[in-house]
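Q: I have a structure open and want to go through it with you. Can we start with the loops and then move on?

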Amino acid sequence: MHQWTKGWIAKAIVATAMAGGASLACAQQAPLDGTLTLVVGYPPGGSSDRIARLVADRLKDRVGVPVVVENKTGAGGRIAAQALHAAPAGQNVLMLANPAVMVVAPLVYAQPGYDAKRDFTPVSLVSRYKFALAVPASSPIKDVPALREWLRANPKQFTVGVPATGSLPHFFALMLGREIKQEPEVIGYRGSAPLISELIGGILPQGIDTLDTLLPQHRAGKIRILATSGDTRDADLQDVPTFKESGVDLAADGWNAFFAPAAMPKAKVDRLGADIAAILREPTMEEAVRAVFLEPVSQDAAGTAGALAAYRKQWEPVVRDSGFTATQ
C-alpha cells in the first residue's frame, strides 16, 4: 500500500472518529434552553423539598441554565403530577415524586388525573427511606418477638397507627400483619405529628411511619423503635434490628425520584439522569441527604426505570389485595 494511501485512510479514520465523538458528545449534552423547573408536590421545609433544593443548587452549574424549585402542594402530591402531565411540550420541567404518587394513587383513586406509567418517564432516583415499627417508651414490649408473643396471648388486638390512611406506612402495616399472621387494625392519622403525639402519650400501642420521622423521637427516649424495614441495620440506628433479624421475613423501602413528562426527548432525559446521578455521588451531597436520615442514591434513567418496575411488583399486589379505595 502506498504511503499516501495509508495517510489518507488514517485521516479518514480520525475524521470519522471525531465526527462520531462529536455526535456522542452532543447527545450526551442534550443542551437545555431556558430555566429548568423542579416541581415538588409537598410544602417547603420537608425532606422532599430539601432534597430538590440541594439538587437544584448543584444542577444549575452542570446544565448551564437556572434551576428553580416550584412547590405545587395538595392532594398528597397529585396536584404536582397533574401539573407535570399538563406541562407544555418542550418545557424544561421535572417532578420529584415518591411511591404514594407513582404507585399507590393510580391504584386507589378512580381518577387520579394522570397515568403514572404512560405520562411520565423516570429520570433519576435520589434517595431511599425505610419504615419502622415503634411503641411508646413506657411500653413493656422491647422487641418484635415480645410483640408477637403478646399478640398470641391477645389476638385481634394488633392496633397500628399510621400517618395517613392509604399511605405507604398503611400498606407496610398490612405486609407486616400478613407475615406475622395477625390482621392489624390500622388507624390513619392526619399526618405524622398527631401519630407521634399519641405514641409518646401511650394512647397508641404501636405505630408505623418512615424511619426519618420516628428516629428523632427514638433518640430523645420518647418512643422505642422495635425494628426497621431494611435488608441491613440502619447506619444511624445500629442497636435496632431489622424485621428479618427479628424473625419476620419482611423488607421494603420508599424512595424519592425525578420524573420527566413522557414527551421529553430521550437524549435530554438521559443527560439529566446522568447529571443528577453524578451530583448524588458527591460526598457533600451524600452527607446532606444523610443529615435528614435518608439514604442517598445515584441512579441514571435506565437504572431508575428498572428499580421502579421492581418496586411496583412488590407493592401493587398489597395495595390491590387490601381493597382500599380513596375519594378525591
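Q: Where is Ala75 found?
A: Ala75 sits in the loop between strand 2 (67–71) and helix 3 (78–86). Keep in mind that this is a predicted model.

Q: What is the phi of Ala75 near?
A: Phi of Ala75 is near 55 degrees, a positive value in a residue other than glycine. Most residues other than glycine have a negative phi.

Q: How does Ala75 count by relative accessibility?
A: Ala75 counts as partly exposed, at 35% relative accessibility.

Q: Which other residue could we look at?
A: Take Lys181. Its phi is positive too, near 60 degrees, and Lys181 is not a glycine.

Q: What is the place of Lys181?
A: Lys181 is in the loop between helix 7 (168–180) and strand 6 (185–188).

Q: Is Lys181 buried or exposed?
A: Lys181 counts as exposed, at 73% relative accessibility.

Q: Switching to helices. Which residues of helix 9 are buried?
A: Helix 9 spans residues 211–219, and its buried residues are Leu211, Asp212, Leu214, Leu215 and His218.

Q: Where do those buried residues fall, seen down the axis of helix 9?
A: They fall within an arc of 160 degrees, so they line one face of helix 9.

Q: What covers the buried residues of helix 9?
A: The cover includes helix 2 (47–63), strand 4 (120–136) and helix 8 (192–200). It also includes strand 7 (207–210) and strand 8 (223–228).

Q: How do helix 8 and helix 9 cross?
A: Their axes come within 11 Å and cross at roughly 35 degrees. The crossing of helix 8 and helix 9 is right-handed.

Q: Which residues make the contact?
A: Helix 8 brings Ser192, Ile196 and Ile200. Helix 9 brings Thr213, Leu214 and Gln217. The residues of this contact divide into 3 nonpolar, 3 polar and no charged.

Q: What follows helix 9?
A: Gly221 follows helix 9, and its phi is positive, near 80 degrees.

Q: New topic. How many salt bridges are there?
A: The count comes to 16 salt bridges.

Q: Which residue forms a salt bridge with Arg62?
A: Asp275 does, and the closest N and O atoms are 3.3 Å apart. Arg62 lies in helix 2 and Asp275 in helix 10 (residues 266–280), so the pair ties together parts that are 213 residues apart in sequence.

Q: Is Asp275 buried or exposed?
A: Asp275 is buried, with a relative accessible area of 9%. Arg62 is partly exposed, at 38%.

Q: Which residues are linked with Arg62 in a network of salt bridges?
A: Arg271 and Asp275 are linked with Arg62 in that network.

Q: What about Asp234 and Lys130? Where do they lie?
A: Their side chains meet in a salt bridge, 3.3 Å from N to O. Asp234 lies in the loop between strand 8 and strand 9 (253–261) and Lys130 in strand 4, so the pair ties together parts that are 104 residues apart in sequence.

Q: How do Asp234 and Lys130 count by relative accessibility?
A: Asp234 counts as buried at 11%. Lys130 counts as buried at 16%.

Q: Last pair. How many residues apart are Arg320 and Glu316 in helix 12?
A: Arg320 and Glu316 are 4 residues apart in helix 12 (residues 301–322), so about one helical turn separates them. Their side chains meet in a salt bridge, 3.8 Å from N to O.

Q: Why does that spacing matter for direction?
A: An α-helix has 3.6 residues a turn, so residues three or four places apart point the same way.

Methods
Residues numbered from 1 in each chain as written. Predicted model: local features only at pLDDT ≥ 70, side-chain atom pairs only at ≥ 80, totals over all residues. Heavy atoms only, no water. Buried < 20%, exposed > 50% of the residue type's maximum accessible area, 1.4 Å probe, protein only. Helix = DSSP H or I, 4+ residues; strand = E, 2+ residues; numbered from the N terminus. Arc of directions from axis to C-beta. Contact = heavy atoms within 4.5 Å. Axes fitted to C-alpha atoms, helices over the stretch in contact; angles between N-to-C directions. Left-handed = near helix turned anticlockwise from the far one by under 90°. Nonpolar A, V, L, I, M, F, W, Y, C, P; charged D, E, K, R; others polar. Salt bridge = Lys/Arg side-chain N within 4 Å of Asp/Glu carboxyl O.
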